Amino acid sequence: MNKNDTLVKTLFVGISLCLVCSVIISSAAVGLRDQQKYLKQKDQQSKILSSAGLLTNQKSIEELFSAIEERVVNLDTGEYEDSLDPKSFDGKKFEAEDYSRDPLTSIKLTTDVDISSLKRRESFKKIYIYKEENEIKAIILPVRGLGLWGTLYGYLAIESDLNTIIGLEYFSHKETPGLGAEVDNPRWKSQWKGKNIYSSTGEIKIEVIKGLVDPESPEKKYQVDGLSGATITSRGVSNMLSFWLGELGYAKFLNRLKEEIERKESLNV
C-alpha cells in the first residue's frame with residue numbers, strides 16, 4: 001500500500017475522531033449548562049443558610065431558603081435600593097472590571113483605605129435577611145477580599161443586635177490545602193459563633209490573631225485563632241471584615257437598620 005495513502009487515512013481518522021469528540025463535549029457542555037447553574041446556585045444558598053446556622057437535613061435547601069428575604073442595598077446611602085430587583089440582581093456583574101469602572105456603580109479605592117485589595121468597591125450589594133414572626137433574627141452579608149493566592153468570597157451572618165457573629169462561610173477561594181484552605185475547616189469556623197464585632201465605642205475589633213486565643217484575655221470575644229502556617233490568609237480575613245464592616249462597607253446600612261430595629265422595639269414596649 002502507498003505510504004502516502006496510509007498517512008492520509010491516518011490523518012483522516014484522527015481528525016474525524018477529534019471532530020466527533022468535540023461535538024460530543026460541546027453538546028454535553030451546552031446540555032449541562034442549566035444543571036451546572038442550578039447546582040452553583042444551590043451551593044451558594046447552602047453557604048448562606050450555613051453561615052446563619054439555618055442549614056439542616058430535615059428540609060431541602062429550596063424550602064429553607066424560601067424563608068430568606070433578599071434585598072439590594074446601596075452602600076453609599078445605607079438604604080435599600082428598590083429600583084434593583086434582588087431576584088435578577090447579578091452581584092458579580094458589579095464586581096466585573098469593565099462594569100465597575102462606572103462611577104455610578106462603584107468607587108475607586110485609594111491605597112490607604114483599600115485594606116482588602118479590592119481596587120474598586122461596588123455601590124450595590126445583595127444582602128439576606130432571616131426573620132421569625134416578622135422579627136429579624138439574622139443578617140447575612142456577602143464579603144470578599146484578597147487572601148494569599150486570590151480573592152476569597154463568602155458570607156458573614158450576624159444577629160439582630162448587629163454586633164454578634166453567627167457564622168462565617170466561604171464559597172470560593174484559591175487558598176492552599178491544609179493551610180489557608182483551613183477557612184473551610186468546621187473546627188475553625190465554629191470559633192466565629194458568638195464573637196463580637198464592635199467595641200462599646202463602635203470600633204471594629206473582630207480579628208484573626210496570630211496563634212491561639214488566650215481564654216483569660218478580655219479581648220477573646222473579638223478574636224479567632226490564627227490559621228497555622230497561613231499568616232497572609234489570616235490577615236486577609238481580618239482585613240476583609242474590617243473593610244466590609246466599616247464606613248465604606250455595610251456600616252451605613254447597619255446603623256440605619258439598628259435605628260429601625262430600636263424604633264420598632266420602642267413601639268412594642
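Reply: A residue counts as buried here when its relative accessible area is under 20%, as exposed when that area is over 50%, and as partly exposed in between. The model is a predicted one. By the burial cut-off, Glu70 is buried, with a relative accessible area of 14%, and Lys126 is buried at 15%. Their side chains meet in a salt bridge, with 3.4 Å from N to O. Glu70 belongs to strand S1 and Lys126 to strand S5, so the pair ties together parts that are 56 residues apart in sequence.

The two strands in question belong to an open sheet of six strands, in the order S2-S1-S5-S6-S7-S8, with antiparallel pairing. At the edges stand S2 (79-80) and S8 (165-172); each has a single partner strand, so one side of each is left without a neighbour in the sheet. Helix H5 (residues 231-244) packs on the sheet and touches S5 (124-132), S6 (135-146), S7 (151-158) and S8. The direction of H5 makes about 125° with that of S6.

Going through the pairings, S1 (residues 68-74) is joined to S2 by two bridges, and these strands run antiparallel. Asn74 has Glu79 in S2 as its bridge partner. S1 also pairs with S5, over seven bridges and again in the antiparallel sense; here Glu69 stands opposite Ile129 in S5. Seven of the nine residues of S5 are buried, so this strand is largely enclosed by the rest of the structure. S5 is joined in turn to S6 by five bridges, antiparallel, and the partner of Glu132 across that pairing is Glu135 in S6. The hairpin of S5 and S6 has two residues between the strands, and Glu133 takes a positive phi near 55° there.

Helix H6 (residues 251-268) lies across S1, S2, S5, S6 and S7, running at about 175° to S6. With 18 residues at 1.5 Å a residue, H6 should span 26 Å, and its end C-alpha atoms are 26 Å apart, which agrees. The buried residues of H6 are Ala251, Phe253, Leu254, Arg256, Leu257 and Ile261. They pack against S1, S2, S5, S6, S7 and H5.

Arg256 deserves a separate look. Arg256 is buried, with a relative accessible area of 15%, and forms a salt bridge with Glu79, the closest N and O atoms being 4.0 Å apart. This pair links distant parts of the chain, since Glu79 lies in strand S2 and Arg256 in helix H6, 177 residues apart. Glu79 is partly exposed, at 42%. Arg256 also forms a salt bridge with Glu260, and there the closest N and O atoms are 2.9 Å apart. Glu260 and Arg256 both lie in H6, four residues apart, about one turn of the helix. In an α-helix there are 3.6 residues a turn, so residues three or four places apart point the same way. Glu260 is partly exposed, with a relative accessible area of 31%.

Elsewhere, a network of salt bridges links Glu69, Arg71, Asp82 and Lys131. The count of salt bridges comes to 13.

Terms used
Residues are numbered from 1 along each chain as its sequence is written. This is a predicted model: local features need pLDDT of at least 70, side-chain atom pairs count only at pLDDT 80 or more; totals for chains, interfaces and linings use all residues. Side-chain values use heavy atoms; hydrogens and water are left out. Two strands pair if DSSP finds at least two bridges between them. Contact means heavy atoms within 4.5 Å. Axes are lines fitted to C-alpha atoms, for helices over the stretch in contact, and angles run from 0 to 180 degrees between N-to-C directions. Buried means under 20% relative accessible area, exposed over 50%, partly exposed in between (1.4 Å probe, protein chains only). The expected span of a helix is 1.5 Å times one less than its number of residues.
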